[in-house]
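Open the model in your viewer and keep the selection panel at hand. The tour goes through a few stops in turn.

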Amino acid sequence: MAQTPPRWAHLAHALRLRQDMTTRAAYTSDASVFRRVPAAVVEPRSAADVRDALELARLRGWSVTSRGGGTSVAGNAIGEGLIIDTSRHLTRILEIDPDTRTALVEPGVVCDRLREAVAPYGLSYGPDPSTHSRCTIGGMVANNACGSHSVAWGTAADNLVEATLLLADGREVQLGPGQCSDKALKEQIDALWREHRELIETELGRFPRQVSGYGLHYLLPAKGGNYAQALAGSEGTLGVFTQLRVKLVETPPATALAVLAYDTVFDAAAAAPRLRREGVSTIEGMGGDLLAALRAKNGEKRAGSALPGVGAKQQAGGWLFCETTGETLAQAESRARSLVSAEVIDHVVVSDPQEMGELWRIRESSAGLATRLPDGGEAWPSWEDSAVPPENLASYLRGLYELMDRYGLRGIPFGHFGEGCIHVRISFDLHSEEGIAAFRSFMHEAAELVTAHGGSLSGEHGDGRARSELLEVMYSPQMLELFARFKHIFDPEGHCNPGVLVQPEALDAGLRISPQQQRLSLHEVHAFSKDRGELRHAINRCVGVGACRSMDSAMCPSFQLTHDEVHSTRGRARVLSEMLHGTLVRGGMRSREVHQALDLCLSCKACAKECPVNVDMATYKAEFLAGYYRRRIRPRAHYSMGWLPLSARLVHAVPGLARLADAVLHAPGLGRLIAWAGGIDSRRPLIHLAPTSIQRWAHGRRPATEAKKEIVLWPDSFSSHLDTGPAQAVYRLLEHLGYRVHVPRGFVCCGLTWHSTGQLAQARRVVEHSAAHLAEYLDRGLRVVTIEPSCSTQLLHEATELSDNPQVERLAQAVVPWAQVIAEELDALDIQAAAPLRRALTQVHCHERALGDPDAAAPIYTALGLKKESVASGCCGLAGNWGYERGHAEMSLQLGEREVFPRVRQLQAEDPEAPVIADGFSCRTHIEQGTGMRPRHLAEVLAEALGLEGT
């Protein structure tokens, strides 16, 4: 007779419990410096699932940690037991009540999704941390998050009405104003605050940003007696939220933004409390170094040019961002201008939403930006969230700088200056035992400093593993005992997030960045020139702020489809980090867990641009694949797709062979067999070979005899062997501008397909060969014009990281995208004769969007009379060879259905004459396969408008 499985096994199956090493590795950290290896992860779909998860944890002897967006900076969302991730499925907005201005939500609802849902009612959710595009309401309440508008709308606690909490023993409790559904629990809570009212009044609730410890002051009648509010800031140590009723606020009729520049950040801090006036809803501050850090990012060299006090003759040392409200725009602008005083060295007042958004973007990028100092040095959280009464801010900030100087540390301050809250990432050395000892000593001195200024260890992030040990510096022993009693009422066995707030873990225990990472010896191929030459330092770029989990950007395509933490850029970085540790994820560069985590990375490069610290997962993936397959047989697709440039070149070397080969590739039945042999997903149509290569075509033409200028056309493999129309168009345009166009003979390639499949040694050989092949042109100082965006970025960015050959550097310096050349001489083209087109839908290649300059083509669109409508979702979904590899076709097509396919179909239905423009070969291929419509390269559209086709 079959034995009945134990209860825990039944629960594990029903809950789809995840215990695989890849998942566990992805959840080892949040946005903090700490590392905890969970026993398992569950993603509940209902409150009943949460209750079952709690039962499973009890049966297995696991602790329980709640997790939302995982953006916790103090280590609040990690643990060694069961992680209950509410962000994937508990995401319903259950009720919006405009009359009472409240909303009932599940804990996994993202802040921005709630704000969007209530916007039609003229309402919003007040707390808005810089992570508002991905942090969840449950996490915000758990940490008592605030955000930039807390001057006007308060903290998450101030905006909480009711909460439903599941305790570790499975009991469900509803709490709210004066109420607690569990009678015994209520009696214990009431006894606690009544017995210790004087102590609570003395030590808690002294100023708005005093977030450290439990919010017991919210229990007092004078504070409203709301039992739910006392749970805000409890950091998951009392139970698991399943529902939250939150307040909503009226959206102001009009807003304006005053950005005030000061000589120093201390001047800005001193001025901040004086700006707390009627109609001022934000008083945000940042230091001058933050701008330098932003400009060190990929594609951000000109960032911040709209900031006041920035220029050749003037450089501000600090800024305040003050948003003002009004019944009318004139009133809002008047209030903004009234904030300008004599100590302000420069200022700007804007009310246009786009201009305000650009300025706010600088401030909101701070959480990730500050992790990298302007010179590329590392800076870490842990003392990133201190707060003092606003009138003490300038003095405290000076003291903090003096403390950092004494320890030889650097940091970039930013934060909610109007409420006395400072965020700063500090250059702690966490790679050595000596550095960690200094880190510990600094943290204790900083705690004494902030306490001396009447402040709080935390102003909105919670204490977590970063600061709970330091609560004894800030609070009396009696208050610490009171905290312990409060936790015991809810969680007597200590199952919920142990080591946080009560019986705290040491603040230097289990650091993610540690000397242990140095044990794995790597043999990097890339130079990692911005990361001290090591993949380890590159991986540590990921601080974990979770921008890759946003649904409003191009990063990260696979996460946006699966909503699985493993498929986020952060999740992959965590798995790579575990590879470096070598305890959970073993095998180093042969790790199957890392290979699994990277499988759905499209190498789209979105993270290299949109991640606040430029995590470049595509490069890390290429580096890993190089190690994983070193001296191993690779997947067949790596040979068929990776070596496509050379095989296509060989086919075109024999006249007439390309036509025959293309016929064979697309012969019924035979093509399917070839796809199987090449490791290509059978659901993908095979690509077509051009009848003649661009090189043979170009050398069959008569050169322009009167040309006074010379230029080189880079014959990339896609434009030369697969779709030659764009290359022919660019050639004709350059000739029309008076150039003699040189197209190199022989094999020339940027190495992209070898790079994306991790065949890095071959990619380096290819690019070095190509650079040598073009030496005669480079010696003459000729520019090299590229057609394919991915080849442009490969030559401009990747090639010099792969090779230190001076010829490769010379080639990179000579490369210029075709649109830039044409735009420079646009006036010489008689485009006025072209009939203007109305609309044009553009799919910008993901590599150009990330590392190139998509705006370079803007003058061409304008000259053609095209009204450009851009696809906003980023990568089309094919991503070169990725979408052709076996097992990827279905997801690839689903990614296309996010936006690009529906937009193409809609445009064709509304305006069949409007062009769809995609300069990337893979983009054009994917759109054609997904919609049946063949897009065009912009050069083809321009050449046709000028009547150059067929010339």
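In what follows, Ala, Val, Leu, Ile, Met, Phe, Trp, Tyr, Cys and Pro count as nonpolar, Asp, Glu, Lys and Arg as charged, and the others, Gly among them, as polar. The model on screen is predicted.

Stop 1: Select Ser756, Ala879, Asn881, Trp882 and Glu885, which are the closest to the centre of the second largest pocket among the 49 residues that line it. The volume of this pocket is about 710 Å³. By class, its lining consists of 23 nonpolar, 18 polar and eight charged residues.

Next, colour helix 24 (617-628), one of the helices that each supply at least two residues of the lining. Helix 24 gives the largest share, five residues.

**Stop 2: a helix pair.** Select residues 183-195, helix 7, and residues 477-490, helix 18. Their axes come within 10 Å and cross at roughly 170°. Angles over 145 degrees count as roughly antiparallel, so helix 7 is roughly antiparallel to helix 18.

Now show side chains. On helix 7, pick Leu185, Gln188, Ile189, Leu192 and Glu195; they meet Leu482, Arg485, Phe486, Ile489 and Phe490 of helix 18. The residues of this contact comprise seven nonpolar, one polar and two charged.

**Stop 3: a single residue.** Go to helix 40 (residues 889-896) and select Gln894. Finally, draw a distance from the C-alpha atom of Gln894 to that of Val784: the separation is 36 Å, with the two residues 110 residues apart along the chain.

Methods. Residues numbered from 1 in each chain as written. Predicted model: local features only at pLDDT ≥ 70, side-chain atom pairs only at ≥ 80, totals over all residues. Heavy atoms only, no water. 1 Å grid on protein atoms, 1.4 Å probe; cavity = no way out; pocket = protein on both sides within 12 Å on 5 of 7 lines; lining within 4 Å. Points joined across faces, edges and corners; volume = space filled by probe spheres on them. Helix = DSSP H or I, 4+ residues; strand = E, 2+ residues; numbered from the N terminus. Axes fitted to C-alpha atoms, helices over the stretch in contact; angles between N-to-C directions. Parallel < 35°, antiparallel > 145°, perpendicular 65-115°, else oblique. Contact = heavy atoms within 4.5 Å.
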